[in-house]
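This note sets out, point by point, some local features that a colleague may wish to check in the structure viewer.

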Amino acid sequence: MDKVFYNGVIITADEEDHVYSSGYVHVKDDHFFEVGDGFPHHIPSQDTEFYNLNGKWLVPGLINTHGHTPMTLLRGHSDDLPLQRWLKEKMWPMEQKLTREAVIASSKLAMVEMLKSGTTTFLDMYHLYLDDIANIVDEAGMRAVITRGIIGLCSREEQKAKLDEALSIARNWHGKGEGRITAMLSPHSPYLCPPDFIAEIAHEARGLGLPVHTHMSETAHEVEENVKKYGKRPVEHLWSTGFFDGSALVAHAVHVNDEELDILAQHRVAVSHNPMSNLKLGSGVAPIKTMLNKGITVSIGTDSVASNNNLDLIQEMRTAVLLQKGINQDATAVTTAEGIKLITANGAKALGLNEKVGSIKATKEADFIILEAHAAHLQPEINASSHFVYSASGQDVLDVYVKGKQLVKNKQCLLLDEEKIAFQCNQFYQKMIM
Ligand SMILES: [Zn+2]
């Protein structure tokens, strides 16, 4: 089936940052066939569907490179605490109460929120019911990286059982859902996983050709403790376990010095920058301008809504861009075009999906979103890229497509029942706090 979207602003996020101010996108089945200014050069087949965008924006599907969907149920559960107290006093006791049904409802709620705010691809790190989550991703038509977060401070038997489970999830799901689902292996963090176990997990990942993912250098306290315990800062510590020998993605990287950034750059380690979560937990601001200058792939994650508190990647992008201008006292620190790449092309690269998605380009798979252009906060209508970074939000997303299939139509999810999911989540949360 051919679909032609025309008369719109096409923000491609391709290598040259092309923006077509009156452009078209020709989608053939599940991929982009052609994109450009004006109208298609090839006359598509007779049953082609034509959509007049009327000036609306067509943007690549957004990519969230770090989060935990089952924690969506804990939105608003705890504010105003630093990371370690927030985890130990508030999150972990509640997570013990998460039933399978609650995890399913919570993940669905996250997917509704992500889809409706333009996210088509996300990384989900969790330790419970990953098979159920992957099934929901499959049914919901989204694209996701599924990874079982492993806490390794336990007996050798438990470590083995957790790693076996992570491996079986990865083997079962990598490449499933017509290629929409992929897998990674994830020790939770250097502070919750001993180095020999991290080395073992990384070794297994390389054997399967899978990337690795972890939380790293989120707080200054974590870095100090790492030095006390192992005599090394987290980057050098992870490096010594072989964690960077294959493809690796680290979340946070807030407290990293220049030498550590050189190590990350040298080993092509990608970063998932989580600015709002880092701000809310009082962790700090990651030096992403320096990372970008060193050629590191910087992408954006929301982390869970328990520390964000939403999954709106457009807001997250704006926060990231503004923070760098502010802390560097430099308005050019991260540009508008670089900002857009953080949640599109760079996200795809960070997840190892850049051959498939991340930009509007012929042959790539057709993951894209269509945004409002006529609202008061988006006037005057020219300079759409600027509005996208500095004025829009996820609320402006109207339509969402993954692999050419429509998942959101005029702000309504087509495959997930939003009302029912929200009702169930409220019931589960009530039960958990009783
Ligand atoms: Zn996290």
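1. Phe39 touches Tyr6, Tyr24 and Phe50, with residues up to four places away in sequence not counted. The structure is a predicted model, and Phe39 is placed in it in the loop between β3 (31-37) and β4 (49-52). Its relative accessibility is 44%, so Phe39 counts as partly exposed, the range for that class lying between 20% and 50%. The C-alpha atom of Phe39 is separated by 9.1 Å from that of Phe5, and the two residues are 34 residues apart along the chain.

2. Ala13 has a positive phi of about 55 degrees although it is not a glycine, and it is found in the loop between β1 (2-11) and β2 (19-28). Asp80 is likewise not a glycine, and its phi is positive, near 65 degrees; Asp80 lies in the loop between β6 (62-64) and α1. Which of the classes, buried or exposed, applies to Ala13? With a relative accessible area of 6%, Ala13 is buried, since buried means under 20%. Asp80, by contrast, is exposed, with a relative accessible area of 73%, and the cut-off for that class is over 50%.

3. The bond from Asn308 to Asn309 is cis, with omega near 10 degrees. Asn309 belongs to the loop between β14 (298-300) and α11 (313-327). The bond from Gln379 to Pro380 is also cis, and its omega is near -10 degrees. Pro380 is found in the loop between β15 (368-371) and α14 (384-390).

4. Helix α14 includes Ser385. The relative accessibility of Ser385 is 18%, so this residue counts as buried, the limit being under 20%. What is Ser385 in contact with, its neighbours within four places in sequence left aside? The contacts of Ser385 are Ile11, Val19, Thr336 and Ile340.

5. Ala337 is found in helix α12 (residues 336-342). Ala337 is partly exposed, with a relative accessible area of 29%. Between the C-alpha atoms of Ala337 and Val389 the separation is 8.7 Å, although these residues stand 52 residues apart along the chain.

6. Helix α15 (residues 418-433) has 16 residues and, at 1.5 Å a residue, should span 22 Å; its end C-alpha atoms are 23 Å apart, which agrees.

7. Which residues of α15 are buried? They are Ile421, Cys425, Phe428 and Met432. These four cover an arc of only 70 degrees around the axis, which puts them on the same side of α15. An α-helix has 3.6 residues a turn, so residues three or four places apart point the same way. The exposed residues Glu419, Phe423, Asn426 and Lys431 are carried on the face of α15 turned away from its buried side. Among the elements that cover the buried residues of α15 are α1 (83-95) and α2 (100-116).

8. The largest pocket has a volume of about 510 Å³. It is lined by 25 residues, and those nearest its centre are Trp92, Glu95, His127, Ile151 and His188. Two or more residues of the lining come from each of α1, β7 (119-126) and β8 (143-150). Helix α1 gives the largest share of the lining, 5 residues. By class, the lining of the largest pocket holds 11 nonpolar, 9 polar and 5 charged residues.

9. How many cavities of 30 Å³ or more does the structure hold? There is 1 such cavity. About 60 Å³ of space lies in the largest cavity. Its lining consists of 14 residues, of which Gly67, His68, Thr69, Asp303 and Leu311 lie nearest its centre. The residues of this lining divide into 5 nonpolar, 8 polar and 1 charged.

Technical notes
Residues numbered from 1 in each chain as written. Predicted model: local features only at pLDDT ≥ 70, side-chain atom pairs only at ≥ 80, totals over all residues. Heavy atoms only, no water. Expected span 1.5 Å × (residues − 1). Buried < 20%, exposed > 50% of the residue type's maximum accessible area, 1.4 Å probe, protein only. Arc of directions from axis to C-beta. Contact = heavy atoms within 4.5 Å. 1 Å grid on protein atoms, 1.4 Å probe; cavity = no way out; pocket = protein on both sides within 12 Å on 5 of 7 lines; lining within 4 Å. Points joined across faces, edges and corners; volume = space filled by probe spheres on them. Nonpolar A, V, L, I, M, F, W, Y, C, P; charged D, E, K, R; others polar.
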